[in-house]
Amino acid sequence: QVDEVFISGGSAALPGLAPSFERAFGKKINFWDPIEDLEIRTTSIDPNELAANAGKLVIAVGLASRIRG
């Protein structure tokens, strides 16, 4: 059973998308931020720039999270 639906990426921010999905699926819609739990080294990366481009990083972060060291 699916209780919630998560959407992400640039298109997830389209106006009206979440309410339309809620009506279509009858489920709560949540936005997933792929960088929300990442430890960011602010000496190497601008956190504001990273946040502005987070929607473009969904696939890369998802694939990178599969790597085990």
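Tutor: Helices here are DSSP runs of H or I, at least four residues long, numbered from the N terminus. In those terms, Val61 lies in helix α3. The model is predicted.

Student: Is Val61 buried or exposed?

Tutor: Val61 counts as buried because its relative accessibility is 18%, and the cut-off for buried is under 20%.

Student: Where is confidence lowest, and where is it highest?

Tutor: Helix α3, residues 58-64, has the lowest confidence, at a mean of 85. Helix α1, residues 17-25, has the highest, at 95.

Student: And what is the mean pLDDT of the protein?

Tutor: The mean is 88. Of the residues, 97% reach 70 or more.

Student: Switching to strands. How many bridges join β1 to β2, and do they run parallel or antiparallel?

Tutor: Four bridges, and the strands run parallel. Strand β1 covers residues 4-7, and strand β2 covers residues 28-31. The chain gets from β1 to β2 through α1, and that β-α-β crossover is right-handed.

Student: Which residues in β2 are the bridge partners of Val5 and Phe6?

Tutor: Val5 is partnered with Ile29. Phe6 is partnered with Asn30.

Student: Which residues of β1 make up the covered face, and which the uncovered one?

Tutor: Val5 and Ile7 form the covered face. Glu4 and Phe6 form the uncovered one.

Student: Which residues are in the largest nonpolar core?

Tutor: There are five: Val5, Ile7, Ala12, Ala18 and Ile29. Val5 and Ile7 are the covered face of β1 again. In soluble globular proteins, nonpolar side chains tend to be buried together.

Student: What is Ala18 in contact with, leaving aside neighbours within four places in sequence?

Tutor: Ile29 and Phe31.

Student: Now Asn30. Buried or exposed?

Tutor: Buried, because its relative accessibility is 13%. Asn30 lies in strand β2.

Student: Which side chain does the Asn30 side chain make a polar contact with at 2.9 Å?

Tutor: The side chain of Glu4. The side chain of Lys28 also makes a polar contact with that of Asn30, at 3.2 Å. Leaving aside neighbours within four places in sequence, Asn30 is in contact with Glu4, Val5, Phe6 and Ile7.

Student: Where is Lys28, then?

Tutor: In strand β2. Lys28 counts as partly exposed because its relative accessibility is 48%, and exposed needs over 50%.

Student: How many residues apart in sequence are Lys28 and Glu4, and what is the distance in space?

Tutor: They are 24 residues apart in sequence and 5.0 Å apart in space, C-alpha to C-alpha. Glu4 is among the contacts of Lys28 beyond four places in sequence; the others are Asp3, Val5 and Glu22.

Student: Last one. Where is Ser11?

Tutor: Ser11 sits in the loop between β1 and α1. It counts as partly exposed because its relative accessibility is 49%.

Student: What separates the C-alpha atoms of Ser11 and Arg66?

Tutor: A distance of 24 Å, with the two 55 residues apart along the chain.

Definitions and conventions. Residues are numbered from 1 along each chain as its sequence is written. This is a predicted model: local features need pLDDT of at least 70, side-chain atom pairs count only at pLDDT 80 or more; totals for chains, interfaces and linings use all residues. Side-chain values use heavy atoms; hydrogens and water are left out. pLDDT is the predictor's confidence in each residue, from 0 to 100. Helices (H or I, at least four residues) and strands (E, at least two) are DSSP runs, numbered from the N terminus. A nonpolar core is a set of buried Ala, Val, Leu, Ile, Met, Phe, Trp, Tyr and Cys residues joined through side-chain atoms within 4.5 Å. Buried means under 20% relative accessible area, exposed over 50%, partly exposed in between (1.4 Å probe, protein chains only). Contact means heavy atoms within 4.5 Å. Two strands pair if DSSP finds at least two bridges between them. A crossover is right-handed if, with the strands pointing away from the viewer, the path from the first strand over the helix to the second runs clockwise. A polar contact is a pair of N or O atoms within 3.5 Å; within protein, one must be able to donate a hydrogen and the other to accept it, and residues adjacent in sequence count only if both atoms are side-chain atoms.
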